[in-house]
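Student: Hi! I'd like to go through this model with you, one piece at a time. Could we start with how the strands pair up?

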Amino acid sequence: MSSTILINKVSKTFGKKLVLNQISLTVESGQIYGLIGPSGSGKTTLVKIIVGMDSPSEGNVHVLNTPVPKLQLLQSIGYMAQADALYTDLTGEENLAFFASLFKLKKNVQKERIAYAADLVNLTADLKKKVQNYSGGMKRRLSLAVALIQDPEVLILDEPTVGIDPELRQSIWAELYRLKNEGKTILVTTHVMDEAEKCDCLAMVRDGEIITSGSPSELKKQYGITSLEEVFLKAGGKQR
Ligand SMILES: Nc1ncnc2c1ncn2[C@@H]1O[C@H](COP(=O)(O)OP(=O)(O)OP(=O)(O)O)[C@@H](O)[C@H]1O
């Protein structure tokens, strides 16, 4: 198996509700893979299963050839959840130091990583402030910095740029490309079509099913249209 993320016939039910229905997809090493779909389509549920925070009702997931969940994978996966998981009584720097301390990093490497991650999300000047005084966008940025802190091979980002202004959004995407070129694998969820355009490969999700997948240009070619939004509507059978 050479794929970084392998999802094999994953289904998930909550009570009687089928939230994911037989999802299979493969993310190759070095890809930026986008999961795009409307609110409630099941993206977050799938992401939580990939990182091992939730278990599938059926099917299985492998990350880096290792069946999920596995403790040793934590070092290799950087996860940015949709809800910020931060210590609001601590400063931004203390949060980063705390998460860095969970990983096997030497003290000097920890310091370098904290400086790098804070700079990437443009929070260097705010590191000494308590997180409770951060804006929503600043908390998102800090969450992204936390996901990057241990220099993971795989990044799983659940709507990473929500609430982030366009300029910083661009610089974050530039950094995602740089990380990809270093060989990292990135899975990102979004419901913003212009972000979907930036992915190497996309899976369009609706009602817990992948309605179509491929590169943005393949999808547009396949459906004979020029916008991904139209592809999504056409593939989902909801043309306007
Ligand atoms: N723990 C849970 N218990 C019951 N239902 C849940 C649970 N978690 C998610 N769901 C339901 O599963 C469905 C998919 O939710 P999910 O959060 O995966 O969607 P999403 O595509 O990530 O949406 P969004 O873009 O708004 O985050 C929704 O109908 C949601 O209400």
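Student: Okay, which residue is the bridge partner of Thr13 in S2?

Tutor: Leu18 is the bridge partner of Thr13 there. Helices (H or I, at least four residues) and strands (E, at least two) are DSSP runs, numbered from the N terminus. Two strands pair if DSSP finds at least two bridges between them.

Student: Before we go on, what kind of model is this, and how are residues numbered?

Tutor: It is a predicted model, where local features need pLDDT of at least 70, side-chain atom pairs count only at pLDDT 80 or more, and totals for chains, interfaces and linings use all residues. Residues are numbered from 1 along each chain as its sequence is written.

Student: Thanks! How many bridges hold S1 and S2 together, and in what sense?

Tutor: Strand S1 (residues 5-14) and strand S2 (residues 17-27) share seven bridges and pair in the antiparallel sense. Together S1 and S2 make a hairpin with two residues between them. In that turn, Gly15 has a positive phi of about 60°. Phe14 is found opposite Lys17 in S2.

Student: What sheet do they belong to?

Tutor: An open sheet of four strands, with the order S2-S1-S4-S5 and antiparallel pairing. S2 and S5 are the edge strands, each pairing on one side only. Helix H1 packs on this sheet and touches S1, S2 and S4. The direction of H1 makes about 120° with that of S1. Contact here puts two C-beta atoms, placed from the backbone, within 7 Å. Axes are lines fitted to C-alpha atoms, for helices over the stretch in contact, and angles run from 0 to 180 degrees between N-to-C directions.

Student: Switching topic: what is the strand order in the six-stranded sheet?

Tutor: That open sheet runs S6-S7-S8-S3-S9-S10, with mixed pairing. Its edge strands are S6 (77-80) and S10 (209-214), each pairing on one side only. On average, neighbouring strands in this sheet are turned by 15° against each other, direction ignored.

Student: How do S3 and S8 run?

Tutor: Strand S3 (residues 32-36) and strand S8 (residues 185-190) run parallel, joined by five bridges. Ile36 has Thr190 as its bridge partner in S8. Helix H5 (residues 166-181) lies across S3, strand S7 (154-158) and S8, at about 150° to S8.

Student: Back to S6, are its faces covered or open?

Tutor: Both faces are covered: Ile77 and Tyr79 on one side, Gly78 and Met80 on the other, are all buried. A residue is buried if 20 or more other C-beta atoms lie within 10 Å of its own, exposed if 12 or fewer, and partly exposed in between, with C-beta atoms placed from the backbone. In a regular strand the side chains alternate between the two faces of the sheet. S6 also pairs with S7 in the parallel sense over four bridges, and Tyr79 stands opposite Ile156 in S7.

Student: What is phi for Asn65?

Tutor: Phi is near 65° there, a positive value in a residue other than glycine. Asn65 sits in the loop between strand S4 (58-63) and S5. Asn65 counts as exposed because it has 10 C-beta neighbours inside 10 Å.

Student: And where is Asp207?

Tutor: Asp207 is in the loop between strand S9 (201-206) and S10, and its phi is near 45°. With 15 C-beta neighbours inside 10 Å, Asp207 counts as partly exposed.
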